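Here is a friendly briefing to read with the model open beside you.

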Amino acid sequence: HQKVGKLPSITKVLISQKSNHAIALGSNGKIYSWEPETPQQVKEVELVDSKLGWFEKIVDVQCGIDHLVALTNQGKVFSGFLSNNASAQHHGQLGIAALPHFEPIPEPLKLHQIKLLEGEIKQIACGNYHTLFLNNNQELYGCGSNQFGQLMLPFTWKNTKVSVPTKLQSQCTSVAAGSSISVFNQQGSWMASGNGEFGQFGTGAFSQCQVSCLLYTSD
């Protein structure tokens, strides 16, 4: 065990193994990052190109392999990369039109506001290379990799990498993501999409590309 540099009261800690970063959300609404090899060198993640309003602060953070997404108590969302080393992969997971997947990796640990989202965002979720957003109108948006159908979009060359938030589903009440899988609750039924090659969905089906399948229903 190694002592991490001085931090305020922490409400959440995340680990992104591939980019070799630890992320912590402070009770003050600020985000901190450090690498396990140098735990004393804690860096504060910076918001760029936008400012928070009065009494607005970050209340949740999620991360994929290479990217970080932050949500404020007023429904704004910010995203950025954790590193720009050789392992970082740009699939459009930031959801920012000015930083599409065919552009170079932007400067790490700097978060930009995602402005192409409808409504007030209530929940965020990150897979390895994709990001999901659920707004107050129960509409689910997503961006990033759709290689395994994790964005629930048709399999076309245009949808392999989606660089701006795209509406995926309606009437959703909760969302989660991990690896190359997305899970969401729609009218009491839990649905999943993405890579179920090794039976990850528990339905008895083994499919590398699953656009949507029913996991559980309360009916």
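Strands here are DSSP runs of E with at least two residues, numbered from the N terminus. With that numbering, Leu109 sits in the loop between strand 8 (77–81) and strand 9 (110–113). Please keep in mind that this is a predicted model.

- Let's start with an open sheet of 4 strands, arranged in the order 10-11-12-13 with antiparallel pairing.
- Why is one side of strand 10 and of strand 13 left without a neighbour in the sheet? Strand 10 (121–126) and strand 13 (161–169) are at the edges and have a single partner strand each, so one side of each has no neighbour there.
- From one strand to the next, the twist averages 20°.
- Strands 10 and 11 run antiparallel and are joined by 5 bridges, and a hairpin of 3 residues links the two.
- In this pair, Gln123 stands opposite Leu134 of strand 11.
- Strand 11 (residues 130–135) also pairs with strand 12 (residues 140–145), again in the antiparallel sense and over 5 bridges.
- Here Thr131 has Cys143 of strand 12 opposite.

- Glu139 lies in the loop between strand 11 and strand 12. Is this residue buried or exposed? Glu139 has a relative accessible area of 18%, and the cut-off for buried is under 20%, so Glu139 counts as buried.
- Beyond its neighbours within four places in sequence, Glu139 is in contact with Phe133, Leu134, Lys167, Gln169 and Ser170.
- Phe55 belongs to the loop between strand 5 (46–48) and strand 6 (58–63). Its phi is near 60°, a positive value in a residue other than glycine.
- Phe55 is exposed, with a relative accessible area of 78%.
- Leu109 is buried, at a relative accessible area of 12%.

**Cysteines**

- How many disulfides does the model hold? The count comes to 0.
- Cys126 takes part in no disulfide, and the nearest cysteine sulfur, in Cys63, is 6.9 Å away. Cys126 is buried, with a relative accessible area of 6%.
- For Cys143, the closest cysteine sulfur is that of Cys126, at 8.6 Å. A disulfide needs the two sulfur atoms within 2.5 Å, so this distance is too far for a bond.
- Cys143 is buried too, with a relative accessible area of 0%.

**Nonpolar cores**

- In soluble globular proteins, nonpolar side chains tend to be buried together.
- The largest nonpolar core in this model has 15 residues. Those with the most contacts inside it are Val69, Val77, Ile114, Leu117, Ile121, Ile124 and Phe133.
- Which elements give two or more residues to this core? They are strand 7 (67–72), strand 8, strand 10 and strand 12.
- Strand 10 gives the most, with 3 residues.
- Ile124 touches Asp60, Gln62, Val69, Ala70, Leu71, Val77, Leu132 and Phe133, leaving out residues up to four places away in sequence.

Definitions and conventions: Residues numbered from 1 in each chain as written. Predicted model: local features only at pLDDT ≥ 70, side-chain atom pairs only at ≥ 80, totals over all residues. Heavy atoms only, no water. Pairing = 2+ DSSP bridges. Axes fitted to C-alpha atoms, helices over the stretch in contact; angles between N-to-C directions. Buried < 20%, exposed > 50% of the residue type's maximum accessible area, 1.4 Å probe, protein only. Contact = heavy atoms within 4.5 Å. Core = buried A, V, L, I, M, F, W, Y, C linked by side-chain atoms within 4.5 Å.
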